[in-house]
Amino acid sequence: MAVYRRNYRPYTGALTPAWTRFLVLFRYSRRNLFRSKLLTGFFVLCFFWPLGCLAWIYVAHSVSFLAKFGLPPQVVSIDNKFFLLFMSVQGVLAFLLTAFAGPGLVSPDLANGALPLYFCRPFSRAEYVLGKSSVLAILLSQITWIPGLVLFAIQASFAGAAWTWDNLWIAGSLIVSSLIWIAILSLLAMALSAWVKWRVVAGALLLAVMFFGAGFGEAINGVLRIQGGHFFNLVYLVATVWTNLFLVDGDRGITAGQAWIAILVYCGVCLWLLIRKVRAYEVVR
Amino acid sequence: MSTLTQAGAPVSSEQGSPTGIPAVPLIDLQGLTVRFGHRDILSSLTASLRGRAIGLLGPNGAGKSTLINTLLGFHKPAAGSARVFGHEIGRDIKLIRGLVGYMPENDAFISKMNAVSFVQMMGELSGLPSSVALERAHEALFYVGLAEARYRKLGTYSLGMRQLAKLAQAIVHGPKLLILDEPTNGLDPSARQRMIRMIREIRDGQEMRIVLCSHLLRDVEDTCDEVLILKQGRIAHYSNLDEERRANKRFLELETYGANGDFTAAIEKLGCECAVAANRMKMVLADGIEARDIFKIAAEQQVRIRRMNFRRDTLEDIFLKAMES
C-alpha cells in the first residue's frame with residue numbers, strides 16, 4: 001500500500017454493525033493461534049481418531065470385508081457406545097488443545113495492560129469474553145460435535161432411515177455433550193488465565209484442576225468413605241453427564257442431576273472470576 | 001439542543017456559536033462523586049469545560065486518572081453526573097466511547113503483534129471496516145513517526161515507541177476527543193519534545209479536542225488552553241490559560257528613576273490604573289495602550305525606566321496557589 005499522507009484526517013465513513021465487533025477479536029486471536037506450527041500440527045492430529053472411526057463405520061457396513069475375515073455382519077455395531085467412545089477420545093484431545101491454546105488468549109492482554117484499549121472503545125466486557133471464547137468454541141467444535149455429526153450422517157446413510165430415526169437422539173447427545181465440555185474448558189481456561197495472567201502457569205493450572213481435582217476427590221472418597229469427593233473431579237462429573245446423555249449404564253457414585261448442578265456451579269465460578277478480572281482497571285479498595 | 005453530526009459529536013466551536021464558545025461543553029460535571037469502598041476519590045466535582053485542549057493537573061492521587069476513567073465509563077459515579085459532548089456517561093457510554101480516543105498512562109499493548117496489526121485491530125474494534133482500518137493504521141503510524149518500525153512486534157519497542165504506538169491506536173478511528181493520560185511519561189527530552197509538538201499539531205488541526213492529564217506542568221502549559229487542577233478529589237482551581245496569558249500582558253511592573261507625580265498623572269491620563277510605591281509602579285494597561293506608549297511618556301518627562309516586567313503568573317504559580325489554598 002502506498003502511504004503518502006502524513007496528516008491526520010478524521011473518519012467520516014460508515015461503521016460496521018456493533019454486534020459484529022466481537023468477530024474482530026475472534027479473527028485476530030485465531031490468526032495468532034495458528035501462527036504456532038505445534039498447535040497446527042496437534043490440531044491436524046485431532047482428526048486422526050475421527051478418520052479411524054470413519055474407517056470403522058465403513059468396515060461395519062462392508063459385508064465383503066468382514067467376510068474376508070470370516071466375521072458375521074453384526075460383529076461390529078455402531079451404536080450409542082461407539083459414539084460415546086468417539087466423544088471420550090475427542091474430549092481428551094479437546095482438553096489438551098485447550099490447555100495449549102486457551103491460556104494464550106486472555107493472559108497476554110491482562111499481562112500487558114491491553115484491556116483499557118479494548119474497553120475505551122464501543123466494545124463491552126461481554127463482547128470481549130464472547131470474542132475470545134468463540135475462538136476456543138469454534139476450535140473445539142471442529143474436533144468434537146462437527147466430526148461426530150459427520151460420522152453420524154455417514155452411519156445414517158449406510159444404515160438407512162429406520163436406524164436414523166431410532167437413533168436420532170444420539171445426534172442430540174453428541175451436540176449437547178460436546179457443548180458442555182466446550183463450555184467448561186473455555187470458561188476454565190479463560191478464567192484461570194485471567195486470574196494468574198501468565199500463560200504457562202495458566203496452562204499448568206488447567207492441568208492441575210483436572211488431575212489434582214480428580215486425585216483430591218478420590219482421596220476424599222477413600223478417606224471419608226463418601227461419594228462427595230466426585231464433586232471435585234470435573235472429569236468424573238462430565239463423564240456422569242455423558243453416560244446419562246448417551247444412555248450408557250455405568251456405576252456412578254452421583255446422579256446425573258447432581259453432576260449437572262456441579263458443572264453449572266463450576267461454570268458460574270469461572271464466569272464470576274472472569275467478571276472480576278476482565279476489567280479495564282482493577283480497583284484496589 | 002445542540003447540533004450533532006452523524007457520529008453524535010457536536011459541531012466545532014467555530015460553528016457552535018458566533019462567539020467561538022462551543023454550544024455544548026466538551027465535559028460537563030455536575031456534582032460528580034466517585035467512591036471506592038468507603039473512600040471518596042472524586043468529591044462533588046462541578047465544572048463545565050469547553051476548551052480545545054484541557055489540562056488535568058494535580059499531584060499524584062488527586063483523582064486525575066479516576067476522572068478520565070469515569071468519563072470512559074470504567075468507574076460508576078456514586079453521585080452526580082458527567083456529560084461528554086452532551087452525552088450522559090451512564091446512558092450513552094457506547095456513543096461516548098465511539099467519539100473518544102484514549103491513550104492510557106501505563107503500558108498497554110499486545111506484545112506478539114506488530115504495530116500495524118495492533119492499530120488495525122483497534123480501528124476495527126472502533127467500527128472501521130477492515131480495509132479502511134488497515135489503511136488508517138498505516139497512516140496513523142506514519143503520522144506518529146513509527147513508519148519504519150511499523151512491522152516490528154510491539155514487544156521489541158522502546159518505551160518511547162510504545163507511547164507513540166499508543167497514540168496511533170488512539171487516533172486511528174478519527175475520534176472527536178483525544179484523552180491523553182501522562183503522554184510524556186518515561187520519554188527522554190527529545191522524545192518528549194516530539195510528543196508535545198504532535199499534541200500541539202493535533203490541537204491546532206481543529207479536528208480533535210484534547211484532554212491531557214499530567215502532573216508535569218510544562219506539558220500542560222505547552223499544549224492546553226484550559227486547566228482544571230484537582231487536589232484530593234476536589235477541584236482546587238480552574239483556569240483559562242488563554243485568558244490568563246492575555247491578562248498577564250496588561251499588567252506591568254516598573255522601576256523608575258526621576259519619576260514624579262506628573263509621570264503618574266500622564267500615565268493615568270491614558271486610562272491606565274497605577275499604584276506607586278517609592279520608585280516602583282504597578283499598572284494595568286488600558287485597551288489599546290502598549291508598553292511603547294509608556295516609554296514615550298518617560299522620554300518626554302526624562303524619566304529613566306530601570307526595569308519593566310510584564311507580570312507573569314506561570315502555570316506553576318497558579319498550581320502552587322491552588323495547592324496552598
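**Exercise 1.** Which residues touch the most other members of the largest nonpolar core?

Solution. The model is a predicted one. The largest nonpolar core has 153 residues. Those that touch the most other members are Ile184(A), Leu185(A), Phe118(B), Ala168(B), Ile210(B) and Leu212(B). Helix α11 of chain A, residues 168–196, is the element that gives the most to this core, 14 residues. Another core lies apart from it and has 11 residues, including Ala259(B) and Met281(B).

**Exercise 2.** Describe how helix α5 of chain A, residues 80–101, packs on α11(A).

Solution. Step one is the geometry: the two axes come within 11 Å and cross at roughly 20°. Angles under 35 degrees count as roughly parallel, so α5(A) is roughly parallel to α11(A). Step two is the hand: the crossing of α5(A) past α11(A) is right-handed. Step three is the contact: among the residues that make it are Phe83(A), Met87(A) and Phe95(A) from α5(A), and Leu174(A), Trp181(A) and Leu185(A) from α11(A). Sorted by class, the contact of α5(A) with α11(A) has nine nonpolar, four polar and no charged residues.

**Exercise 3.** Characterise the side of chain B that touches chain A.

Solution. Start with the counts: 40 residues of chain B are in contact with 31 residues of chain A. Next, find the elements: α3, β6, α4, α5 and α6 of chain B each give two or more residues to this side. Of these, α5(B) provides the largest share, seven residues. Last, sort by class: the side of chain B that touches chain A has 19 nonpolar, 12 polar and nine charged residues.

Terms used. Residues numbered from 1 in each chain as written. Chains lettered and ligands numbered in written order. Predicted model: local features only at pLDDT ≥ 70, side-chain atom pairs only at ≥ 80, totals over all residues. Core = buried A, V, L, I, M, F, W, Y, C linked by C-beta atoms within 7 Å. Buried ≥ 20, exposed ≤ 12 C-beta atoms within 10 Å, placed from the backbone. Helix = DSSP H or I, 4+ residues; strand = E, 2+ residues; numbered from the N terminus. Axes fitted to C-alpha atoms, helices over the stretch in contact; angles between N-to-C directions. Parallel < 35°, antiparallel > 145°, perpendicular 65-115°, else oblique. Left-handed = near helix turned anticlockwise from the far one by under 90°. Contact = placed C-beta atoms within 7 Å. Nonpolar A, V, L, I, M, F, W, Y, C, P; charged D, E, K, R; others polar.
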